[in-house]
Amino acid sequence: MLLFYESYGLTECSPTCVENPFGRPTRPGSIGLAIPPFKARIVDDKDNDVPHGEVGELLVSGPGVMKEYLNQPEATEDALKGGWLHTGDLARMDSDNYIYIVDRKKDLIIRGGYNVYPREIEEVFYSIEDVVEAAVIGIPNDDLGEEIAAVVVLRKGCNTTAEELKKYVKDRVAPYKYPRMVKIMNELPKTSTGKILKRGISFDK
């Protein structure tokens, strides 16, 4: 039997700083615990710790954290405020300090005062057999601040429509979360490492 242990890291942390302890039961969806001597916190926009279970930005500190970005003093100061690395990832921590990634902070959509995490909606799209890739983004809206839109790549040869995709998601998430606009594309823009490049997506009705 194969056992999978999720972990977490980033280039600025050299790279792994959180993992599920080997030989102990994992928690579904969790990246695990901070690896000693690393420490982790979940904070609000003012860097105050949030209660267990609430979503905030994941901060880490420890010997593997970078010293600076080369020749980028402002970016360094912003990333290392208060001596903690601001990862840019939104997460929550349970009462046993296990951490769960929710989304990227920069991808958060605020629709009519409600926080919408694109990753949650994308996972619903990925539960559809015909969906190969999906990206959920926020687009400017005069009344709501942002409206939710989705771009999807489908399996070749399938006949699923954008309206069918929208209805599928609408039936499975809260009313304020489903994308009002869905567009089917042949491919999505990607970075050199193969990650979907959301800022490269333009959405025309």
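**Entry 1. Largest pocket**

I sorted the lining of the largest pocket first: 10 nonpolar residues, three polar and 12 charged. In this sorting Ala, Val, Leu, Ile, Met, Phe, Trp, Tyr, Cys and Pro count as nonpolar, Asp, Glu, Lys and Arg as charged, and the others, Gly among them, as polar.

I noted the basis of the work. This is a predicted model, in which local features need pLDDT of at least 70 and side-chain atom pairs count only at pLDDT 80 or more, while totals for chains, interfaces and linings use all residues. Residues are numbered from 1 along each chain as its sequence is written, and side-chain values use heavy atoms, with hydrogens and water left out.

I then looked up the volume of the largest pocket, which is about 940 Å³. A pocket here is an open set of points on a 1 Å grid over the protein atoms alone, where a 1.4 Å probe fits, with protein on both sides within 12 Å along at least five of seven lines; lining residues have an atom within 4 Å of a point. The volume is the space filled by probe spheres set on the points, with grid points joined across faces, edges and corners.

The lining has 25 residues. Arg 104, Lys 106, Asp 107, Lys 195 and Ile 196 lie nearest the centre of the largest pocket. Strand E7 (99–104), helix H2 (118–126) and strand E10 (131–141) each supply at least two lining residues. E10 gives the most, with five. Elements are DSSP runs numbered from the N terminus: helices are H or I with at least four residues, strands are E with at least two.

Where does the largest pocket lie? I place it between domain 1 (7–106) and domain 2 (108–198), because both give residues to its lining.

**Entry 2. Second largest pocket**

I get a volume of about 310 Å³ for the second largest pocket. Its lining has 18 residues, and Glu 57, Asp 78, His 86, Thr 87 and Gly 88 are the closest to its centre. Helix H1 (73–79) and strand E6 (85–93) give two or more residues each to this lining. E6 gives the most, with four. I sorted this lining too: five nonpolar, three polar and 10 charged.

**Entry 3. The two domains**

I took the bounds, domain 1 (7–106) and domain 2 (108–198), from the domain assignment, which is an automatic or database one. Their C-alpha centres lie 26 Å apart. Eight residues from domain 1 and four from domain 2 make the contact, meaning heavy atoms within 4.5 Å.

About 500 Å² is buried between the domains, with carbon and sulfur atoms giving 50%. Buried area is the accessible area (1.4 Å probe) that two parts lose on being put together, summed over both. How many salt bridges are there between domain 1 and domain 2? I count zero.

**Entry 4. Salt bridges**

I find 15 salt bridges in the structure, each a side-chain nitrogen of Lys or Arg within 4 Å of a carboxyl oxygen of Asp or Glu. Glu 120 is in helix H2 and Lys 177 in the loop between helix H3 (162–170) and strand E12 (181–185), so the pair ties together parts 57 residues apart in sequence.

**Entry 5. Backbone**

I checked Ser 14 to Pro 15: the peptide bond is cis, with omega near -20°. Pro 15 sits in the loop between strand E1 (7–9) and strand E2 (16–19). Pro 36 and Pro 37 are also joined by a cis peptide bond, with omega about 5°. Pro 37 is in the loop between strand E3 (33–34) and strand E4 (39–43).

Asp 47, a residue other than glycine, has a positive phi, near 65°. I find Asp 47 in the loop between E4 and strand E5 (56–61).
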